[in-house]
Amino acid sequence: MSKKALISNIQNYSTKDGPGIRTTVFFTGCNLKCVWCSNPELIGPGIKVMYFENRCRRCGKCAETAVNNSIILTESGCEIDREKCTNIEECVEVCPYEAYEKSGYEISVQDLYNKLIRDKIFFEQSGGGVTFSGGEAGLQHEFLSEIGAELQKDNIHTALDTAGLITWKKLEKAISSMNMVLFDIKAYDSRLHRKYTGAGNKLILENIKKTAAKNKELIIRMVIVPGMNDNMEDIKKRISFIKELGSAVKQIDILKYHNLGEGKYKSLGMIYSVPKDLYREEGFWKKVKEMASETGVKVTIDG
């Protein structure tokens with residue numbers, strides 16, 4: 001077990017990433033750029049550094065450390081030129097107030113296994129297990145295959161939460177040691193999908209079909225953002241597609257958009273482009289749930 005993965009954090013006692021009580025591992029790196037992403041620190045590759053203005057006391061340590069005069073003290077905190085600040089990770093070490101924070105670290109299969117196995121009793125009592133999420137965990141398919149196999153030796157239920165935008169060869173490797181796959185369908189129309197995620201969805205839909213054909217249990221997740229991918233005709237097409245997958249689908253999760261990740265964008269020096277106060281009436285969500293229920297599987301609404 002020599003492989004290493006780049007992850008951001010491990011969340012214990014999760015109840016929304018598959019059956020039972022679960023431990024969710026968030027992998028860094030994603031090949032989609034969803035406008036509404038709530039984990040922007042996981043989008044690009046590599047370790048990120050987040051700056052929290054509310055913790056800053058303007059001591060100037062970071063400005064002294066940063067090269068190219070890339071950090072300037074202001075009345076409210078620090079102004080960071082992230083293109084010029086090539087040594088921003090050093091600010092994490094010198095800041096006495098923890099205003100800078102790293103997101104992402106490497107971990108080996110063995111070390112991750114040692115952390116996950118501690119929760120085995122909770123998995124056994126609740127019918128839970130481990131879910132690998134992101135970002136796009138499937139991009140680190142070799143690691144997933146290995147850690148999943150180790151967990152399954154201990155009869156621990158494993159699941160992959162994926163958008164599925166990777167070659168089938170890689171995805172097949174990633175799910176080889178998974179009991180369940182949680183697939184995100186962000187839109188059915190490829191043009192709509194490209195507009196809001198930066199990529200088309202032909203490969204994604206093909207991969208979902210191939211996964212279902214392998215008799216892997218599926219949970220299909222549909223995040224719905226008012227004014228973006230909430231077109232009722234597109235939602236109907238997504239549900240029709242789900243019906244065609246057959247008995248592999250065990251559950252449909254309808255995920256209402258939330259802006260809980262907005263603060264992360266500011267801490268990363270990124271622009272949050274989703275309008276505020278997005279809203280759909282309760283009758284809309286009721287209708288979507290009724291339509292999804294026609295598939296004959298369990299339907300949940302979160303948010």
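The legends below describe close-up views of a predicted model.

View 1. Nine strands, written here as 9 in the order β7-β1-β2-β8-β9-β10-β11-β12-β13, make up an open sheet in which the pairing is mixed. The edge strands are β7, covering residues 105–108, and β13, covering residues 298–302, and each of these pairs on one side only. From one strand to the next, the twist of the sheet averages 30°.

**View 2. Strands β10 and β11 with helix α8 packed on the sheet.** Strand β10 (residues 180–184) and strand β11 (residues 217–224) pair in the parallel sense, and 5 bridges join them. Within this pairing, Val181 stands opposite Leu218, a residue of β11. Helix α8, made of residues 202–213, packs on the sheet and touches both β10 and β11, while its direction makes about 155° with the direction of β10.

**View 3. Helix α5 against helix α6.** Helix α5 (residues 141–153) packs with helix α6 (residues 168–175) at an angle of about 20°, and the two axes are 7 Å apart. Because angles under 35 degrees count as roughly parallel, α5 is described as roughly parallel to α6. The crossing in which α5 passes α6 is left-handed. On the α5 side the contact involves His141, Glu142, Leu144 and Ser145, and these residues meet Lys170, Lys173 and Ala174 of α6. Sorted by class, the residues of this contact divide into 2 nonpolar, 2 polar and 3 charged.

**View 4. Helix α6 against helix α8.** The axes of α6 and α8 come within 11 Å of each other and cross at roughly 40°, and the two helices are therefore oblique to each other. In this case α6 passes α8 in a right-handed crossing. Trp168, Leu171 and Ile175 are the residues of α6 that meet Asn207, Lys210 and Thr211 in α8. The contact of α6 with α8 has, by class, 3 nonpolar, 2 polar and 1 charged residues.

**View 5. Helix α9 against helix α11.** Helix α9, which spans residues 232–244, and helix α11, which spans residues 282–293, pack at an angle of about 25° with their axes 10 Å apart. This angle makes α9 roughly parallel to α11, and α9 passes α11 in a right-handed crossing. From α9, the residues Met232, Ile235, Lys236 and Ile239 meet Phe284, Lys287, Val288, Met291 and Ala292 of α11. When the residues of the contact between α9 and α11 are grouped by class, 7 are nonpolar, none is polar and 2 are charged.

**View 6. The salt bridge between Lys16 and Asp302.** Side chains of opposite charge can pair when their charged atoms come close. The structure holds 21 salt bridges, and one of them is formed by the side chains of Lys16 and Asp302, with a distance of 3.2 Å from N to O. Lys16 lies in the loop between β1 (4–14) and β2 (22–27), whereas Asp302 belongs to strand β13, so the pair ties together parts of the chain that are 286 residues apart in sequence.

View 7. The peptide bond that runs from Gly134 to Gly135 is cis, with omega near 15°. Asn69 is found in the loop between α1 (61–65) and β4 (71–73).

Key:
Residues are numbered from 1 along each chain as its sequence is written. This is a predicted model: local features need pLDDT of at least 70, side-chain atom pairs count only at pLDDT 80 or more; totals for chains, interfaces and linings use all residues. Side-chain values use heavy atoms; hydrogens and water are left out. Axes are lines fitted to C-alpha atoms, for helices over the stretch in contact, and angles run from 0 to 180 degrees between N-to-C directions. Helices (H or I, at least four residues) and strands (E, at least two) are DSSP runs, numbered from the N terminus. Angles under 35 degrees count as roughly parallel, over 145 as roughly antiparallel, 65 to 115 as roughly perpendicular and the rest as oblique. A crossing is left-handed if the near helix is turned anticlockwise from the far one by less than a right angle, and right-handed if clockwise. Contact means heavy atoms within 4.5 Å. Ala, Val, Leu, Ile, Met, Phe, Trp, Tyr, Cys and Pro count as nonpolar, Asp, Glu, Lys and Arg as charged, and the others, Gly among them, as polar. Two strands pair if DSSP finds at least two bridges between them. A salt bridge is a side-chain nitrogen of Lys or Arg within 4 Å of a carboxyl oxygen of Asp or Glu.
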